[in-house]
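Let's take a walk through this structure, one part at a time. Have a look at it first, then read on.

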Number of protein chains: 2
Amino acid sequence: MILTTEEKILEAAKKVFHQKGYDGARMQEIADEAGINKALVHYYYRNKDNLFQAVFEDAFTRLLFKVNEIFYSTGSILQKTESFLGYYMDFLQKNSFLPMFILNSLYNRPDQLKVILGKLALTPHNLLALIKQQLKEEYNLDIDPMHVYINLLSMVIFPIVARPLIQQIFRLSQKEMELFFEERKKEVPLFIISALKGYSNETIRTNE
Amino acid sequence: MILTTEEKILEAAKKVFHQKGYDGARMQEIADEAGINKALVHYYYRNKDNLFQAVFEDAFTRLLFKVNEIFYSTGSILQKTESFLGYYMDFLQKNSFLPMFILNSLYNRPDQLKVILGKLALTPHNLLALIKQQLKEEYNLDIDPMHVYINLLSMVIFPIVARPLIQQIFRLSQKEMELFFEERKKEVPLFIISALKGYSNETIRTNE
DNA sequence: GTCTATATGCAGATAGAC
DNA sequence: GTCTATCTGCATATAGAC
């Protein structure tokens, strides 16, 4: 697969921005990574902000697209949770800098998000309504789906983001860390489904 | 309360580094924030790296100290979870830049952590052993406590870190966001305890 | 389109007066 | 200890030849 110069620059920029963030990235390093001259980067993207914008939008849409793709598919809560864990965690492990890059960019450059949110037509409330309906049908739960949804995202994304911290504190080898993530693909769905069942029992007990 | 110049610098440095990270922080801004001259910052801390090191160590120990404080205290899993949620989430909301600062610093400056880990005597395995024992006694669960522990941390810390993202995507006002966090202080312990009870049922069913 | 050379500004750090 | 003035290097960005 052959890349145009513009594509080479974007790929190089992704690599550098993802790892170092806006402030830590250097135009020179991006040029080197792309195997071209620094002036060419400016020729195609005019300035650092523009290039960053392109990288951020790519990252954001890719990350968000995968989430929606799974939750809007057919299947039970259990099935969705399991495929989310398997599919999304693989994706995040292969792109381990992505979530940190997104989150950190929102702290340093909050306006960046507004630009892209204006372009996308997000309907998160449809998604929540769908989950709420499934919780009712499958677990007879009449609860706010927001917390359950955020809990799931937390348990998937946080360990990826905090990986360096976890690994150092618990003194895990690379191999042990990978095993830990592999286990989570089964443990987290089990945890969530257990909680949902537990909720039901709790509710029933309260109603007696 | 009157501060020495050195303390004023450190306080100013915390403010700036926490929000902008190492690369985004400017010595000039720190000096301005402290209300003194830029040369004085160098007089006390010699260079940017030293100052950052001081800020990072302060943040890291404060963040970690709070975690241990709660989990090594007496009380049931439920009690610990509840006080962790109440106590720690309040702390994080008041210091909302801290977790992002720590996590991001580990990406950009991984060696930073090793320096401080050498100074602290962390014994996370004792903590896990304690949790494991309590899971056995209180829920008759014979499982690896690591996943449960990371799940709890995830559900507490991630929403704080991802707050700007959540708020924008779900279009929540400041007030709604605060309410959401307030709800989580009850929702997350309920979720976890439900899961632990559900686990037991699952185990019993499997053993029959 | 792609390069070399360069302009411009700013950040970290130091010298030296008080 | 605290300041003003300044050095040095580097990062973004542009000019202009090919």
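## Around DNA strand D

Of the 15 residues around DNA strand D, the nearest are Met27(A), Asn47(A), Thr5(B), Asn37(B) and Ala39(B) (a residue is near a strand if its C-beta atom, placed from the backbone, lies within 6 Å of it). Helix H2 (27-34) and H3 of chain A, along with H3 of chain B, each give two or more residues to this surface (helices are DSSP runs of H or I with at least four residues, numbered from the N terminus).

A quick word on the model: it is predicted, so to speak, with local features needing pLDDT of at least 70 and side-chain atom pairs counting only at pLDDT 80 or more, while totals for chains, interfaces and linings use all residues. Residues are numbered from 1 along each chain as its sequence is written, and chains are lettered from A and ligands numbered from 1 in the order in which they are written.

## Around DNA strand C

DNA strand C has 15 residues around it, with Thr5(A), Asn37(A), Ala39(A), Met27(B) and Asn47(B) the closest. Here, helix H3 (38-45) of chain A joins helix H2 (27-34) and helix H3 (38-45) of chain B in giving two or more residues.

## Two copies

Chain A can be laid on chain B with an RMSD of 0.1 Å, using a turn of 180 degrees and a shift of 0.0 Å along the axis (superposed by least squares on the C-alpha atoms of residues with pLDDT of at least 70 in both). The two copies are therefore related as by a two-fold rotation axis. In chain A, the C-alpha of Ala195(A) comes closest to that axis, at 1.8 Å.
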